[in-house]
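Colleague: I have a few quick things to ask about this one. Please take me through it slowly.

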Amino acid sequence: MTDNVLEELSDDRRLLGRTSTAERVAGILRGRIIEGGFRPGMRLAEEEIGRALGVSRNTLREAFRLLTHERLLAHELNRGMFVRKLTVEDLEDLYRVRRLVECAALRQLAAPPYALHTMDAAVTAGLSARAEERWRDLGTANMHFHQGIVELAGSPRADDMMRGVLAELRLVFHVMENPRRFHEPYLPRNREILDALRDGDAPGAERLLAVYLDDSRRQLADGYARQLG
């Protein structure tokens with residue numbers, strides 16, 4: 001594990017407050033996966049992470065168990081805990097779920113106006129990341145945009161499920177050799193979806209999203225094919 005990752009976890013320690021429950025620790029680690037801090041195949045050093053977060057070994061192990069259940073981590077006998085490497089089958093299933101959840105969130109919208117603050121903030125963050133050539137952060141902003149789409153459904157359960165889906169998706173993104181080439185073209189497409197929703201055109205936004213998801217899935221599948229090549 002790199003020193004940068006451990007420093008970021010030390011910064012996260014304040015988020016735990018006095019109640020460092022396994023669920024909160026799992027939430028922090030999941031967030032770091034979504035942000036790209038933990039790469040597929042990375043070994044998670046129990047002692048170093050526990051020290052950075054200031055939590056007990058039992059609490060950390062329970063957090064690892066929760067994330068294993070979410071298919072983000074995998075335990076290897078006599079070697080420890082590792083960030084999962086996802087397969088092309090995982091990719092296809094993730095996008096199947098995304099279409100079911102994200103498109104449905106737009107399809108069920110009633111009359112405008114809609115609560116678009118999360119999506120709007122994500123587009124703004126994406127523009128800032130692009131201007132400063134922070135490509136990993138651009139990918140994170142893109143994920144927050146899609147989390148915002150699901151938030152329109154007003155379902156805490158759907159929100160929780162989407163966070164898990166996006167964390168797995170970040171592990172898929174690592175197959176792309178050039179993150180700028182992959183993430184940057186989707187920024188204006190995010191804005192198109194946002195503009196359609198601002199105009200009250202939820203069906204139009206859903207059509208844009210469906211094509212967007214198909215294009216993204218195809219690019220990632222090609223990335224896997226090149227990697228296996």
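Modeller: One term is needed before anything else: helices here are DSSP runs of H or I with at least four residues, strands are DSSP runs of E with at least two, and both are numbered from the N terminus. Please also keep in mind that this is a predicted model.

Colleague: Fine. How many helices and strands are there in the protein chain?

Modeller: The protein chain has 11 helices and three strands. Going along the sequence, the pattern reads α-α-β-α-α-β-β-α-α-α-α-α-α-α.

Colleague: And what does the protein chain span along its principal axes?

Modeller: The C-alpha trace spans about 50 × 45 × 35 Å along those axes. The radius of gyration is 18 Å, which agrees with the value near 17 Å that a compact globule of 229 residues would have. As for burial, 47% of the 229 residues count as buried.

Colleague: What share of the contacts comes from residues 24 or more positions apart?

Modeller: Among contacts in the protein chain with a separation of 6 or more, 75% are accounted for by residues 24 or more positions apart.

Colleague: Now the sheet. In what order do the strands come, and is the pairing parallel or antiparallel?

Modeller: The sheet is open, its three strands are ordered β1-β3-β2, and the pairing is antiparallel. β1, at residues 43-44, and β2, at residues 73-76, are the edge strands, each of them pairing on one side only.

Colleague: How many bridges join β2 to β3?

Modeller: Four bridges join β2 to β3, the strand at residues 80-83, and the two run antiparallel. Two of the partners can be named: A74 is bridged to F82 in β3, while E76 has G80 as its bridge partner in β3.

Colleague: What do β2 and β3 form, and which residue in the turn has a positive phi?

Modeller: β2 and β3 form a hairpin with three residues between them, and N78 in the turn has a positive phi of about 65°.

Colleague: Is E133 buried or exposed, at its relative accessibility?

Modeller: E133 counts as exposed because its relative accessibility is 53%, and the cut-off for exposed is over 50%. R71 has a relative accessible area of 47%, so R71 is partly exposed.

Colleague: Switching to the backbone: which peptide bond is cis?

Modeller: The bond from P112 to P113 is cis, with omega near 5°. P113 is found in the loop between α5 (88-107) and α6 (117-131).

Colleague: Helix packing next. At what angle do the axes of α3 and α4 cross?

Modeller: The axes of α3 (residues 46-53) and α4 (residues 57-69) come within 10 Å and cross at roughly 110°. That angle makes α3 roughly perpendicular to α4, since 65 to 115 degrees is the range counted as roughly perpendicular. On the α3 side the contact is made by E46, I49 and G50, and on the α4 side by R57, L60, R61 and F64. Sorted by class, this contact has three nonpolar, one polar and three charged residues.

Colleague: Where is R30 found, and which residues is R30 in contact with?

Modeller: R30 is in helix α2, which covers residues 22-34. Apart from neighbours within four places in sequence, R30 is in contact with L67, E70, L72, R163 and A167. R30 counts as buried because its relative accessibility is 16%, the cut-off for buried being under 20%.

Colleague: And where do E23 and G37 lie?

Modeller: E23 also lies in helix α2, but at 54% relative accessibility E23 counts as exposed. G37 is in the loop between α2 and β1, and with a relative accessible area of 9% G37 is buried.

Colleague: Last one: what separates the C-alpha atoms of G37 and N78, and those of E23 and Q219?

Modeller: For G37 and N78, 41 residues apart along the chain, the C-alpha atoms are separated by 24 Å. For E23 and Q219, which are 196 residues apart along the chain, the C-alpha separation is 34 Å.

Conventions
Residues are numbered from 1 along each chain as its sequence is written. This is a predicted model: local features need pLDDT of at least 70, side-chain atom pairs count only at pLDDT 80 or more; totals for chains, interfaces and linings use all residues. Side-chain values use heavy atoms; hydrogens and water are left out. Two strands pair if DSSP finds at least two bridges between them. Axes are lines fitted to C-alpha atoms, for helices over the stretch in contact, and angles run from 0 to 180 degrees between N-to-C directions. Angles under 35 degrees count as roughly parallel, over 145 as roughly antiparallel, 65 to 115 as roughly perpendicular and the rest as oblique. Contact means heavy atoms within 4.5 Å. Ala, Val, Leu, Ile, Met, Phe, Trp, Tyr, Cys and Pro count as nonpolar, Asp, Glu, Lys and Arg as charged, and the others, Gly among them, as polar. The radius of gyration is taken over C-alpha atoms; the globule rule is 2.2 Å times the number of residues to the power 0.38. Buried means under 20% relative accessible area, exposed over 50%, partly exposed in between (1.4 Å probe, protein chains only).
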